[in-house]
Every structure is written in C-alpha cells, then in structure tokens.
Amino acid sequence: MGLLAACSSARDELTKTPANRAPVPHNTIVDCPVYDGMKKTSAVLSQTTASNEVQVTDTINAYFVRVRLDKDGKTVVGYMDRRCFGERGNK
C-alpha cells in the first residue's frame, strides 16, 4: 500500500507546473556556439560572443541548457553548454 501511495505522489509532482516558466536572460562569459541538438557534434545554429544575452528557457540536463536568441531578425532556439554562463550555468 505504501508503494502505491509513493507512486501516486511522484506522479502528482510531475504534473505540477512550476511557478515561473518564463525565459530567464543570461549573459555568456565566453564565445559559445548554439547547437541544434544536445551534442557537441550537432550542427551549429549560431555563434555567440562574450557578453551576449540569451534567454534560458529550460535547464535540460547536466551539460546543456535550452536557449532562445535573436539572429538576423529571427528567433533561434537551440542548446548551449552550461559552462558558457560560468557560475550561473551551474544553478
């Protein structure tokens, strides 16, 4: 019976929406590529330079974050290495 309650609680946690899902602006600390996938071998969509601002929309995994940025008047969504943001990327 306890296992059933634990599974139910875990499922309830997954269906809750976080309080703030809005993109968070961050500045890069180094030149970084924006990839179309979560591998360093993925195609590069854009190249950012130090101090560029991008909007972090999701912290995907331990290595990458999903970002949104403007490039040539178009919005580009891709993935960047967390280390591009220094300490902030680790949070």
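**A charged trio and its surroundings**

Modeller: The side chains of Asp-81 and Arg-83 meet in a salt bridge, with N and O 2.7 Å apart. A salt bridge here is a side-chain nitrogen of Lys or Arg within 4 Å of a carboxyl oxygen of Asp or Glu. Before we go on, a word on the source: this is a predicted model, so local features need pLDDT of at least 70, side-chain atom pairs count only at pLDDT 80 or more, and totals for chains, interfaces and linings use all residues. Residues are numbered from 1 along each chain as its sequence is written, and side-chain values use heavy atoms, with hydrogens and water left out.

How many salt bridges does a search of the whole structure find? The search finds two. Lys-40 forms a salt bridge with Asp-81, and there the closest N and O atoms are 2.8 Å apart. Lys-40 sits in the loop between β2 and β3 (44-48), while Asp-81 is in strand β6, so this pair ties together parts that are 41 residues apart in sequence. Helices (H or I, at least four residues) and strands (E, at least two) are DSSP runs, numbered from the N terminus. Together, Lys-40, Asp-81 and Arg-83 are linked in a network of salt bridges. Side chains of opposite charge can pair when their charged atoms come close.

Are these three residues buried or exposed? Asp-81 is buried, with a relative accessible area of 8%. Lys-40 counts as partly exposed, at 49% relative accessibility. Arg-83 is exposed, with a relative accessible area of 60%. The cut-offs are these: buried means under 20% relative accessible area, exposed means over 50%, and partly exposed is in between (1.4 Å probe, protein chains only).

Look again at Asp-81. A polar contact of 2.8 Å joins its side chain to that of Lys-40. A polar contact is a pair of N or O atoms within 3.5 Å; within protein, one must be able to donate a hydrogen and the other to accept it, and residues adjacent in sequence count only if both atoms are side-chain atoms. Leaving out residues up to four places away in sequence, Asp-81 touches Lys-40, Tyr-63 and Phe-64. Contact means heavy atoms within 4.5 Å.

Phe-64 leads us to the rings. The structure holds one aromatic pair. The ring centres of Tyr-35 and Phe-64 are 6.3 Å apart and their planes stand at 80°, so the pair is edge-to-face. Tyr-35 lies in strand β2 (residues 32-35) and Phe-64 in strand β5 (residues 64-71), so the pair ties together parts that are 29 residues apart in sequence. Rings of Phe, Tyr and Trp (its six-membered ring) pair if their centres lie within 6.5 Å; planes under 30 degrees apart count as stacked, over 60 as edge-to-face and the rest as tilted. Both Tyr-35 and Phe-64 are buried.

Now the core. Which residues make up the largest nonpolar core? There are 11 in all: Cys-32, Val-34, Val-54, Val-56, Val-65, Val-67, Leu-69, Val-76, Met-80, Cys-84 and Phe-85. Strands β2, β4 (53-58), β5 and β6 (74-81) are the elements that give two or more residues to this core. Strand β5 gives the most, with three residues. A nonpolar core is a set of buried Ala, Val, Leu, Ile, Met, Phe, Trp, Tyr and Cys residues joined through side-chain atoms within 4.5 Å. Take Val-76 from this list. Not counting residues up to four places away in sequence, Val-76 touches Leu-45, Val-67, Arg-68, Leu-69 and Lys-71.

Two loops deserve a glance. Asp-72, in the loop between β5 and β6, has a positive phi near 55° although it is not a glycine. Asp-72 is exposed, at 75% relative accessible area. Ser-51, in the loop between β3 and β4, also is not a glycine, and its phi is positive, about 80°. Ser-51 counts as exposed, at 54% relative accessibility.

Last, step back. From the N terminus on, the elements run α-β-β-β-β-β-β. Of the 91 residues, 29% count as buried. Among contacts between residues at least 6 apart in sequence, 42% join residues at least 24 apart.
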